[in-house]
Amino acid sequence: MIQANNLCKVFKDKKRGEVRAVDGVSFECKSGKVFGLLGPNGAGKTTTLRMLSTALKPTSGTAFIDGIDVEREPQRARKRIGFLSGNTGLYGRLTAREMVRYFGRLYGMQKDVIAERIDKIFTLLDMHDFADVRNDKLSSGMKQKVSIARSVVHDPPVMVFDEPTTGLDVMSSRTIVGFIKQCCNDGKCVIFSTHIMSEAARLCNRVAIIHKGKLYADGTVHEILSSSGCDNLEDAFIKIIGE
Amino acid sequence: MHPGTVWTIYKKELTDTLRDRRTLIFMLAIPMVAIPLLIMAISQLMMSQITKQIEYESMVIVQGAEHATDDLMARFRDAGTLKLLTENEYRASDSTHKGDLKDALIAGDFEALVVIPETFDSAIESETPTTVEIYYDQAEMKSEFTVDKLRDVLDPYKEHVVEQRLKSRNIPADVIEPFDVSKHNVAPMRKLAGEKVGAMLPYIVILMCFMGAIYPAIDLAAGEKERGTLETLLVSPASRGDFVVGKYLVILTTSLIAALMSLGSLTFSINYMVKGLASEIGKMLMLQLDVSTVLLIILVVLPMAGIFAALLLSVSVFARSFKEAQNYSNALMMLIILPAIASMLPGVDMSYQLALVPVLNASMIIKNAVSGTVQWNYVATAFAASVVYAAILLFFAKKWFEKESVLFRT
C-alpha cells in the first residue's frame, strides 16, 4: 500500500527561481490495484514517483510504503519497492543473469535465494534462451524483459512504473502492459504514470490527474468520467485541468 | 559503509569494466604494444644518430699550425675521424673562405677551431705555461663530439710532454700519477639518451595512470546517467556511499594496472629491446630498476592513482552525459600533464614544498628513484599529502553522489 500525504518538491532553478514541481499531492493506492498518475509532460509525475521510490527527498509532506515512512527509513522502504521506467537502461556488457543477480545482491538477498528466484522469473518471462547473452546483443523486447526481471528480483509488494511504455515499440510495450496486469493479479500494489490516456483507461482501477504539480482529480475511471460528464478520459482530462 | 555491498558493487563494476574495449586499450594494449614500439623506434633513431655522430669525420681548422710542434700536428693528423686543415689550407681550398673563422664555425662550415698561440713551440721548449684554445658550437652535437675527439689527442700529448720533462730530470713518471683514473667518453651519449629516457619514465607512468582511470570513471557515473541505470541504483537499498566506494575502487584498480603495466613494459623494453640493438651504448641506457625501486614507485603511484580516481569520479558524477564527462576529463588531463612535465625541467630540485604538490611530487620522486636517489623524508611527505588529497576528493565525490541537484542534473 502506498500513501502520499501533501507531498511537495521545490527545485531551485537558476533561470526560473523556485519551481514547485510537486505541490501538495495526496493519494492512496491499495494492494491488488493499479493506480494511474495521469498528466502531460512536466506535470510532476516523475518527481512524485521519485519521491515515493526514495530517489528524491520530499521538500515537505510524507509518503508511506506499507506503513514505512520513506524519509525516515528509506532502506526498509526500498526493499519493498520495485522500480521500472521507460528509459531505464541495462548494463550492456553484462548478461541478463549477471544483471539480475547483481540487483538481487544489492537488495541484500542470499546467493541461493537469488538463483532460485532468477530461475522462477526467467521461466515466467520465458527468458532462459537468452539468460547468458550479453544485454547489448538482445532485441528490444528481450531487453524489456531483463528490465522487468531486474525490478522484481526481490519480489516487492509495491511496484512503481514511471512512464513504462514511453519510447517502446509495440511488442515491448505489450510485454510491459501484460506484466503490470500480472503484478495486479499477484496482489501487488501498482502505481504507474503515463500521458497516454487510453493506456490508463485500459489498466487502472483508479486514476489521479496531475497538472503543474497539483492534483486535480482522483477516483475510478468511471467516477472521473461521470463527474466531468465526458465519455472518454482524454476529454475529461482537458475539462478537469480547464484548458 | 557495508563491506559486503561494496564488494558486490566492486565485483560487478570490475567485470563490466574489463569487458569494455576502451578500458582494455588503455590498460593493456597501450602499455604492452604501443610503449615497446615507441621505445624501439626512439632507441633505433637515437642509436643511428649517435653512431652517425661518432663515425662522422669532423673537420677541424688549426689556426697557427706553424707554431705547433711537429709531434702534435702528427698526432692530430693520425687521429681517426678528424679531418685537419691548417688555416692556410682551409682558405686556399675555396675562394669563399675569407672571413672570420669563428663566423664560419657558427655557420657550420667546420666543426671546431683549434688556436695554437704563436709562442706555443717555444713555451713547450722553455717549459712555460701556454694555452691551446678550442672553439666549438655547443648547440651542434657534431661540434660537441669533435671537442671530445680533440681532447683525445691533446690530453695524451700533454701527458707525453710531462713525461719528457720528468725524464729529463730523472724523475720516474709514476711520481705524478699516484693512481690511475680511467676516463671513458660516455658523457655526451648519456646526456643524449640516458637522461631523456629516465625523465620520460615518470611522465609516461603518470599519464598512463590517468588514462587508465578515464574510461572506467566516465562509464561508472556519467555512463549510468546516460544508460538510465542510475535511478535503479538510487532506489536500491545499497547506500550511496557504498556505490561511491565500490566504483572508486574499480577506477583505482584500472588506473594502477595501467600505470604498473606501463612501468613494467617501459623497463622491459628499455632493458631488453634497446640492449639488443647496440650493446655498447644500449647498456648505458639501461634502467636500473631493482625491487626496492619498483616498490618505491608503487608507493608513490598508489596515492596519485587515488587522487586521479577521485577526481575523475567527481567530474563524472557531475557530468550530464558521457560526452560532457569526456570533455572535463580531457581538460583535467592538461592539468595533470603540466606538473608531470615540470619535473623534467633542469634545475627543479626536490623540496618539502614540491613534495606537497600533487603529481609533481610523484614525478620528481620517480625521476630521482630511477637515477638512484631516494630521499625517504620527501617520499613520506608526498605519500601523506597525496593520501589527504585523495581522501578530500573522494569525500567530494560522495557528497555529489548524494546531492539530488547533481544526480538529476538536466
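Predicted model: local features only at pLDDT ≥ 70, side-chain atom pairs only at ≥ 80, totals over all residues.

Student: What makes α16(B) count as mostly covered?

Tutor: A residue is called buried if 20 or more other C-beta atoms lie within 10 Å of its own, and in α16(B) 11 of the 11 residues are buried, which is the basis for calling the helix mostly covered. After the helix comes B:Gly372, and its phi is positive, near 100°.

Student: How do you know how α13(B) and α16(B) are oriented to each other, parallel or antiparallel?

Tutor: The axes of α13 (residues 291-318) and α16 (residues 360-370), both of chain B, come within 10 Å and cross at roughly 175°. Angles over 145 degrees count as roughly antiparallel, and α13(B) and α16(B) are therefore roughly antiparallel to each other.

Student: Which residues of α13(B) and α16(B) meet?

Tutor: From α13(B) come B:Thr293, B:Leu296, B:Ile297, B:Val300, B:Val301 and B:Met304, and these meet B:Ala362, B:Ile365, B:Ile366 and B:Ala369 of α16(B). Sorted by class, this contact of α13(B) with α16(B) has nine nonpolar residues, one polar residue and no charged residues.

Student: How do you know that the length of helix α7 of chain B agrees with its number of residues?

Tutor: The expected span is 1.5 Å times one less than the number of residues. For the 28 residues of α7(B), residues 141-168, the rule gives 40 Å, and the end C-alpha atoms are 41 Å apart, so the two values agree. The buried residues of α7(B) are B:Ser143, B:Phe145, B:Thr146, B:Val147, B:Lys149 and B:Leu150. Just after this helix, B:Asn170 takes a positive phi of about 60°.

Student: Why is chain B called more spread out than a compact globule?

Tutor: Chain B, which has 18 helices and four strands, has a radius of gyration of 31 Å, whereas the globule rule gives 22 Å for its 410 residues; the value is well over the rule, so chain B is more spread out than a compact globule. Along the principal axes, its C-alpha atoms fill a box of roughly 100 × 50 × 35 Å. Of the 410 residues in chain B, 40% are buried. Among its contacts between residues at least 6 apart in sequence, 79% join residues at least 24 apart.

Student: What does the globule rule give for chain A, and how does its radius of gyration stand against that value?

Tutor: For 243 residues, a compact globule would have a radius of gyration near 18 Å, and chain A has 18 Å, so the value agrees with the rule. Chain A has nine helices and 10 strands, and its C-alpha trace spans about 50 × 40 × 35 Å along its principal axes. Of its 243 residues, 48% count as buried.

Student: Why is A:Val146 called buried?

Tutor: The cut-off is 20 or more other C-beta atoms within 10 Å; A:Val146 has 25 C-beta neighbours inside 10 Å, and therefore counts as buried. A:Val146 belongs to helix α5 (residues 140-152) of chain A. Leaving aside neighbours within four places in sequence, A:Val146 is in contact with A:Leu90, A:Ala96, A:Met99, A:Asn135 and A:Leu138.

Student: What makes A:Gln144 buried?

Tutor: A:Gln144, also found in helix α5 of chain A, has 27 other C-beta atoms within 10 Å and is therefore buried. Not counting residues up to four places away in sequence, A:Gln144 touches A:Leu168, A:Ser172, A:Thr175 and A:Ile176.

Student: How many residues does each chain bring to the contact between chain A and chain B, and which element of chain A gives the most?

Tutor: The contact takes 23 residues from chain A and 16 residues from chain B. On the side of chain A, α2 (74-79), β6 (81-85) and α3 (96-106) each supply at least two residues, and α3(A) gives the most, with four residues. By class, the residues on this side of chain A divide into 10 nonpolar, eight polar and five charged.

Terms used. Residues numbered from 1 in each chain as written. Chains lettered and ligands numbered in written order. Axes fitted to C-alpha atoms, helices over the stretch in contact; angles between N-to-C directions. Parallel < 35°, antiparallel > 145°, perpendicular 65-115°, else oblique. Contact = placed C-beta atoms within 7 Å. Nonpolar A, V, L, I, M, F, W, Y, C, P; charged D, E, K, R; others polar. Buried ≥ 20, exposed ≤ 12 C-beta atoms within 10 Å, placed from the backbone. Rg over C-alpha atoms; globule rule 2.2 N^0.38 Å.
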